[in-house]
Amino acid sequence: MKKFIPKEAQPAPVETTGIIGWTRENLFSSIPNSIATILILGFLASFLPGVINWIIIDANWSGSTQADCTNDDGACWVFVSAWMQQFIYGSYTDSEIWRINLGLILLGAVIAAPYFLPKHLRNKLGVPMFLLYPFFCAALLDGRLFGLEFVSTDLWGGFSLNIFLAAASIIIAFPLSFLWALGRRSEMPFIRSVCVLLIEFFRGVPVLALFFMGSVMLPLFFPEGTNIDKLLRVWIVLILFMSGYMAEVFRGGFQAIPQGQYEAADSLGLSYWQKTLLIIFPQVIKVSMPNILATFIMLFKNTTFLLIIGIFEILSTTQTALANSSWLGGHAPEGYLFVALVFWVCCFGMSMISANIERKLDTSHRN
Amino acid sequence: MSAEHATAKSASFFNNPRNRALIYQALLLFGLGFFFYSIVSNALANMEARGIKSGFGFLFTASGFDILMSLVPYDATSTYGRTFLVGLLNTILVSIIGIILATLLGFVMGVAYFSNNWLVKRLSVVYVEIFRNIPLLLQVFFWYFAVLAALPSARESMAIGEVIFLNVRGLFLPDLIGESGSSIVYASIGVAVVAIYMMRRWAKKRQDDTGEQFPILWVGLGIFFGLPLLTALVTGLPFYWEFPELKGFNFRGGITVIPELMALTIALAVYTGAFIAEAVRAGVQSVPHGQTEAARSLGLKESRIMSLIIVPQAMRVIVPLLNSEYQSLVKNSTLATAIGYPDLFTVFVGTSLNQTGQAIEIVFMTMAVYFAINMTISFGMNRFNSAVALVERK
């Protein structure tokens, strides 16, 4: 009787495994796909080497004046390094720059505090620290309150100002927008309509119009002779603008909370504020976190709009540097690339964090 | 009844929710009233001190400045009302072009994410992540000061077939100008639109009745282009082309797209396109995979699965997101003022306000306009949304 001898298993055909298989499957699986691949590769090949040459290989890296940029075919990064202090700190007094650094470190500390504080102190210490930070930081940068040298807000600027303004605005907007969102859900008709009007107004109007309102209309609304600092007015506008958007984010969060949570809190006999702050708020924050971060990214990018009303944030500083008589000669691409990179790193980082939170919160089973 | 009565009596006045609500609202009303009273009285006093006349009379006085680009005739003797109109039209122009380009770019890039070509997919991801995370104003500056400012001068402009020219002064396109009799052709376009609408209704009814499909897209395109073309041929082509020509240092004739408009629309389209691509991606991902599998098991082709099964369901997620993206595009078009494109914000809140000093009227008029534009978009998109929304079983 013949015995059945199975043949050795054949290895997979060479064209379906390894690099060749991957290429066939992902780049050349059909005729349109192959055309697209060749077009993109051709575009990259014609475009990338020149860009890389300009940015890295032929670029001028060292020196301190425009004369050091000898190679005209490459980027002049000397321009960026020479203006670096201005880009980051604006015209802030040289000897006092430690105050800006301290402010930035404190900002990091305030954000990181909940992770390090012991549990029983987290709310009691963390929340007041968070809410007081903007005022403390403003006083620190201004200096008078702490007996330090006075630095006028005209000198504040650079990327640190973008960070401070965005952070200080969202921190104050947090409680304010939560109140607006509560008001929008309120059963009292007058309070509800006032909140709806506020939210829709600040969301529906271009932020630039709000800035103009802050700079040309607001002074008309105060008694003659009152002089409110320009930066303070900008801060107020940013807070209100941000509150409009965040209130809508919170509204979405409120809608995600099951009705049973309210009923359970009521049946335990909790008061309105106990119910709102102890039961509802923590759940709302949790579901709204990705959207809050997205809104913050928008606010952060929008701080560049302040250029138009003459605040020396980083883009405005770049424009000034580009117009400087000892740096004429078209450094616009270098300057813009630097600012773009700074913003991109910050915003992309935050959107990664946001996506991470979303993934952690997402318990649904999807394929 | 009696129990309710009893609680109302036993609770103290302040613990009655109804009384409390009244008190809170009265307090808010009082606070707001005081706030508005004080700002209005201050504003009136301040304006009197500065010698600003309030009211809208300024709209009928001559503005005395010229505008770089206007869709309606305008010169320095025109009134501020006219200035407002010019700015409004320019804003609408940039918004419409921006919305069309952003939608095209966004949908192409959003769908590209689902390509089975690795490079195409990466291209979509890189595009979205780069342009979404860089401030719009920076992108506007980049296109205006770094890209368009680096274009060649008028004498060395880039040309496509000697009819389209691109140089540092802008983009120059040939213009189609109608002679007498052209109005019949324009009317035929209107007739074509009505005919397409009727055909769609008829085709839908036929499909509902018999299940047979009608090639709406191709026949529609045929009517849209065929009918005006036929009319034009019959009336003896009452059109001629006006080509841009180099005269002196600049081009004359044809349509001129100024670089400010180009930079702004490119930046708005690229920036908003990245967000729309995200929305499209989210929409397609929201359709459960089972839908694709069911469609495959019915034997539908891959291309039909996308257009008949996935996209209609994805639209439910995409349309509300598109609504807010379009609105933010319109609001962001105010950045025109940073590069000097004469939109409503630049000519009205910028120049007119500087000249007249009537801050309150001008800022409120401008805000009202943006509000109205956004309401219109919102209304249109909500109509569209109810057309694509899930229709539950009746």
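Predicted model: local features only at pLDDT ≥ 70, side-chain atom pairs only at ≥ 80, totals over all residues.
Residues are numbered from 1 along each chain as its sequence is written, and chains are lettered from A in the order in which they are written.

H7 spans residues 158–185 of chain A and H8 spans residues 189–204. Their axes come within 7 Å and cross at roughly 130°. Axes are lines fitted to C-alpha atoms, for helices over the stretch in contact, with angles running from 0 to 180 degrees between N-to-C directions. The crossing is left-handed (the near helix is turned anticlockwise from the far one by less than a right angle). H7(A) contributes Trp180(A), Gly183(A) and Arg184(A) to the contact. H8(A) contributes Ile191(A), Arg192(A), Val194(A), Cys195(A), Val196(A), Leu198(A) and Ile199(A). Contact requires C-beta atoms, placed from the backbone, within 7 Å. Seven of these residues are nonpolar, one is polar and two are charged (Ala, Val, Leu, Ile, Met, Phe, Trp, Tyr, Cys and Pro count as nonpolar, Asp, Glu, Lys and Arg as charged, the others as polar).

Chain A holds 14 helices and zero strands (DSSP runs of H or I with at least four residues, and of E with at least two). Its radius of gyration is 28 Å, whereas a compact globule of 367 residues would have one near 21 Å. This radius is taken over C-alpha atoms, and the globule rule is 2.2 Å times the number of residues to the power 0.38. The C-alpha atoms of chain A fill a box of roughly 105 × 75 × 40 Å along the principal axes.

Chain B contains 13 helices and eight strands. Its radius of gyration is 28 Å, well over the 21 Å that the globule rule gives for 394 residues, so chain B is more spread out than a compact globule. An automatic or database assignment divides chain B into domain 1 (2–50), domain 2 (80–161 + 257–388) and domain 3 (175–242). The centres of domains 2 and 3 of chain B, over C-alpha atoms, are separated by 28 Å.

Conventions. Contact = placed C-beta atoms within 7 Å.
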